[in-house]
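Hello,

Here is the structure I promised to pass on. Please open it first, then read my notes below.

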Amino acid sequence: MRPIEMRFPSEASVLEPVQQIIEAVGRAADVDEEELSSLSVAVVELVKNAMEHGNRNDPEKMVTVSFSIFPNRIRFLIDDEGTWEPEKALGFNPGEGDELLSTRGRGILIARNLAKWVEFGLTPEGKTRVTLIWPLT
Amino acid sequence: MKIKEEMKGDVLVITLSGKVIGGPELIDVKDVFQKAVDRDHRKVLLDLGKVSWMDSSGLGVIVSGHTTLSRAGGALKILNATKKIHELFIITKLITIFETFTDEQEALDSFGD
């Protein structure tokens, strides 16, 4: 199928609608009801990172989430208007040592653990693109 | 998201309900821990049983609460984390920091005198 694309301003008020939309996409693709919140947490974490690190929380800058449902997987693409590398943007490992008690920086760790595939790359225009693959069983 | 506070003995039980999804309302959660310390309530039990959805932002304020209470010589413990929230505690290794309970009385008793 051709991807379906949604664009959101970089502001916190869109997070709950994004969460609801992602769960609706998962439901349409027959994701187990128990796994819907894991799917939406993973995608919302990546949307929040795009807002913060790619768009610097500028509400004029958009995050684009597109998805394609295939017979065995859903593919989400999360694009922002900046360029950043996840490890560089985080600068620390939130699950280790003194950083265990950091109040932030766990989003990518959580997304990578909940989703089966999360990959950071670039759009053809050179902006950050995160690809998340959710297998369908 | 809603926040409810209730004293049970000398333990302040804070109950969150609904979605903990980020944004300005998380400041209210952060504040509730600081206010607990300001009122000399240093034994705090956070009940997450009615939280329907939570991500790293929620974990961030819980860690902030832990730090606030620990620095004041107190403790923050977790009650009724759902299966999904418990999974987040495991992924982030926060499970090594927090005492978690499924029985309220057991949690209250764990604070001691």
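Predicted model: local features only at pLDDT ≥ 70, side-chain atom pairs only at ≥ 80, totals over all residues.

At 1.5 Å a residue, the 19 residues of α2(A) should span 27 Å. How many of the 19 residues of α2(A) are buried? The count is 17, so the helix is largely enclosed by the rest of the structure. A residue counts as buried here if 20 or more other C-beta atoms lie within 10 Å of its own. After α2(A) comes A:R56, which has a positive phi, near 55 degrees.

Next, the contact between the chains. Chain A puts in 22 residues and chain B 19 residues. On the side of chain A that touches chain B, the elements giving two or more residues are α1 (15-28), α2 (36-54) and α4 (107-114) of chain A. Of these, α2(A) gives the most, with six residues. That side of chain A holds nine nonpolar, eight polar and five charged residues.

Now chain B. Its five strands make an open sheet with mixed pairing, in the order β1-β2-β3-β4-β5. β1 (2-8) and β5 (100-101) of chain B are at the edges. Each has a single partner strand, so one side of each lacks a neighbour in the sheet. Strands β3 (residues 43-54) and β4 (residues 75-79) of chain B pair in the parallel sense, over five bridges. There, B:V44 has B:L76 of β4(B) as its bridge partner. Helix α2 (residues 56-71) of chain B lies across β2 (11-20), β3 and β4 of chain B. This helix runs at about 145 degrees to β4(B).

Best wishes

Key:
Residues numbered from 1 in each chain as written. Chains lettered and ligands numbered in written order. Contact = placed C-beta atoms within 7 Å. Helix = DSSP H or I, 4+ residues; strand = E, 2+ residues; numbered from the N terminus. Nonpolar A, V, L, I, M, F, W, Y, C, P; charged D, E, K, R; others polar. Expected span 1.5 Å × (residues − 1). Buried ≥ 20, exposed ≤ 12 C-beta atoms within 10 Å, placed from the backbone. Pairing = 2+ DSSP bridges. Axes fitted to C-alpha atoms, helices over the stretch in contact; angles between N-to-C directions.
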